[in-house]
Amino acid sequence: MAVNLALGSDVSAAQDSTALRSVFESLTAASCPHHYNFHIHTVYSDGRLRPEQVLEQAIELGLKGLAITDHHSTSGYQVAQQWLMERQNQHPDQPSPHLWTGIEINADLLGVEVHILGYAFEPRHPALAPYQTGYSTIGAEGTAQQVITALHEAGGLAVLAHPARYKRSHSELVPAAAEAGVDGIETFYAYNNPSPWKPSPKQTAAISALGKAYALLNTCGTDSHGLTLLQRL
């Protein structure tokens with residue numbers, strides 16, 4: 001399926017999970033960070049870039065698509081979407097990256113805290129209200145299965161972030177996430193923050209194999225918290 005990246009500033013395009021699924025299906029280890037980046041933080045959670053700066057860098061890098069995934073907030077996405085719409089109105093002949101809705105939500109899976117990335121959802125959907133307070137949820141709402149269900153109810157996709165960064169092994173967590181209904185895993189991730197950024201080979205191979213075994217989508221992102229989209233910190 002061809003993805004219409006010309007719709008980068010359109011709000012409905014930001015919630016197009018079918019187009020995003022197609023992109024995820026095409027990703028390789030070389031897709032990030034110069035073509036796509038699906039894990040970015042701004043000043044609206046624990047990042048240092050303003051949403052406008054994220055998009056300025058994305059345009060400078062020539063990114064085809066990205067998502068701002070602030071912790072328990074879509075405020076940064078909202079600012080970025082408005083900026084992108086204004087830019088397209090002012091410069092309709094200049095290409096824009098495709099911006100999808102995004103969020104990162106803490107959740108309990110097998111008794112440990114994991115992070116669930118959500119994409120291409122309706123940010124004002126009632127199911128996601130508990131997860132946009134700026135804080136982690138507890139109880140039934142804080143389970144991975146419930147977070148995944150809420151993202152699906154809002155029309156989005158759910159992805160297990162950096163599966164090899166938790167207190168339990170990715171060999172346990174990925175199957176459990178699949179059983180809970182997760183759509184994908186962050187297969188291409190740089191665990192040791194190398195410069196230049198590149199996915200960690202050992203973890204990528206192991207997580208990719210698990211993704212194949214459970215028919216999960218693959219995603220990539222730098223998990224940027226600093227002043228550049230090309231590094232985590």
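Modeller: Happy to! A residue is called buried under 20% relative accessible area, exposed over 50% and partly exposed in between, with a 1.4 Å probe and protein chains only. Helices (H or I, at least four residues) and strands (E, at least two) are DSSP runs numbered from the N terminus. This is a predicted model, in which local features need pLDDT of at least 70 and side-chain atom pairs count only at pLDDT 80 or more, while totals for chains, interfaces and linings use all residues. Residues are numbered from 1 along each chain as its sequence is written, and side-chain values use heavy atoms, with hydrogens and water left out.

Let's look at helix 7, residues 201-213. Its expected span is 1.5 Å times one less than its number of residues. Buried here are Thr-204, Ile-207, Leu-210 and Gly-211. Seen down the axis, these buried residues fall within an arc of 135 degrees, so they line one face of helix 7; the arc is taken from the directions that run from the helix axis to the C-beta atoms. On the other side, Pro-201, Lys-202, Ala-205, Lys-212 and Ala-213 are exposed. What does the buried face of helix 7 pack against? Its partners are helix 6 (170-179) and strand 7 (184-188), where contact means heavy atoms within 4.5 Å. After helix 7 comes Ala-215, with a positive phi near 55 degrees.

Helix 3 (residues 51-61) can be read likewise: Pro-51, Val-54, Leu-55, Gln-57 and Ala-58 are its buried residues. They cover an arc of only 160 degrees around the axis, which puts them on the same side of helix 3. They pack against strand 1 (36-40), strand 2 (65-68) and helix 4 (75-90). Helix 3 is followed by Gly-62, whose phi is also positive, near 75 degrees.

Between strand 1 and helix 3, the loop holds Gly-47, which counts as buried at 13% relative accessibility. Leaving aside neighbours within four places in sequence, Gly-47 is in contact with His-41, Thr-42 and His-225. The C-alpha atoms of Gly-47 and His-225 are separated by 4.1 Å, although the two residues are 178 residues apart along the chain.
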